[in-house]
Amino acid sequence: MSQILKGGCYCGGTTYTIAIPDKLPQVVGTPHKVPTSILDHCGKCRKTSGSLFQAWIVVPKPWITITYKYKEGSGGKLVEFQSSAHGTRSFCGACGTNLFYDSSKKKAMVEDMDGVVYLVNVTIGSLDEESLTHVELVKPKLHVWWDHGIGWIKEAFTTAGQGFGGLAKYPTGDVRQSPEELI
Ligand SMILES: [Zn+2]
Ligand SMILES: [Zn+2]
C-alpha cells in the first residue's frame, strides 16, 4: 500500500503523482524522513518563485511519475532552466507554474530503497487541494537557508505577536470592505 499525492501546473499540461510508502523511510545519516516539507529562504528560490520564500516537499525521484497532457501543436511543454552549476528548475512553458527543483548534489541513501537516489524538490503549492489535506505529509517541518531569509519575514515566523496572524482576513480577494466590517 502506498499513499498518492497528486499535483500539476495551473493549465494542467503537466501533472504528477508522488507514491509514498505507508512507512516513511529515513534518509540515511540524517534525522529526516522522506517526504520532508521545508520552507526555503534562499535568494534563488525567492526570485524564481516570485514569492517571499518557497515551500517544497522533498521526495526521492523514483516516487514521482510525470504525465504530459499538452495539446498537439500547442507548443506547451515542461521547460527546464539551469539556475546554478548543479541545479535545474522546471516550470510549465504554457502557464508558468513552478514545479520542480533537481540538483546533481541532492542524492542520498534512503532506507528501503536500493543504492543512491536523487531527491527532488516539488513545489508544495502545485499539489492538488485534496493532497494538501494530508497534513502529516505536506506540512513544513523545517526552514532552510534561514541565514538568507528576509529579516521581517523571519521576524514574522519567530516574534510572538508580530507575525501575520493579526492581519485583517478577507474571505475573498475583494478587499473593498474596511477591516472593521469583517468582524
Ligand atoms: Zn501549465
Ligand atoms: Zn532555495
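**Terms and Values in a Predicted Model**

Me: Where is Pro35 found?
Reply: Pro35 is found in the loop between strand 2 and strand 3. Here helices (H or I, at least four residues) and strands (E, at least two) are DSSP runs numbered from the N terminus. The model is predicted: local features need pLDDT of at least 70, side-chain atom pairs count only at pLDDT 80 or more, and totals for chains, interfaces and linings use all residues. Residues are numbered from 1 along each chain as its sequence is written, while chains are lettered from A and ligands numbered from 1 in the order in which they are written.

Me: What kind of peptide bond joins Val34 and Pro35?
Reply: The bond between Val34 and Pro35 is cis, with omega at about 0°.

Me: How many helices and strands does the protein have?
Reply: There are 3 helices and 11 strands. Read from the N terminus, the elements run β-β-β-α-β-β-β-β-β-β-β-α-β-α. The C-alpha trace spans about 55 × 45 × 40 Å along its principal axes.

Me: Why is Trp145 called partly exposed?
Reply: Trp145 has 17 other C-beta atoms within 10 Å, so it is partly exposed. Trp145 lies in the loop between strand 11 (142–144) and helix 3 (151–158). Trp145 also has a positive phi, near 55°, in a residue other than glycine. Across the protein, 25% of the 183 residues count as buried.

Me: Which residues have the most contacts inside the largest nonpolar core?
Reply: They are Ile18, Trp56, Ile57, Val58, Val59, Leu99 and Val122, in a core of 27 residues. A nonpolar core is a set of buried Ala, Val, Leu, Ile, Met, Phe, Trp, Tyr and Cys residues joined through C-beta atoms within 7 Å. Among the elements that give two or more residues to this core are strand 2 (14–21), strand 4 (54–60) and strand 10 (116–123). Strand 4 gives the largest share, 4 residues.

Me: What does Val59 touch?
Reply: Leaving out residues up to four places away in sequence, Val59 touches Ile18, Val34, Pro35, Ile64, Leu119, Val120 and Val122. A contact means that the C-beta atoms of two residues, placed from the backbone, lie within 7 Å. Of the contacts in the protein with a separation of 6 or more, 55% are between residues 24 or more positions apart.

Me: What makes strand 1 and strand 5 edge strands?
Reply: Strand 1 (2–8) and strand 5 (64–68) each pair on one side only. They belong to an open sheet of 3 strands in the order 1-2-5, with antiparallel pairing. Neighbouring strands of this sheet are turned by 20° against each other on average, direction ignored.

Me: How do you know that strand 1 and strand 2 pair?
Reply: Two strands pair if DSSP finds at least two bridges between them. Strand 1 and strand 2 have 7 bridges, in the antiparallel sense. Within this region, Gly8 stands opposite Thr15 in strand 2.

Note on methods. A residue is buried if 20 or more other C-beta atoms lie within 10 Å of its own, exposed if 12 or fewer, and partly exposed in between; C-beta atoms are placed from the backbone. Axes are lines fitted to C-alpha atoms, for helices over the stretch in contact, and angles run from 0 to 180 degrees between N-to-C directions.
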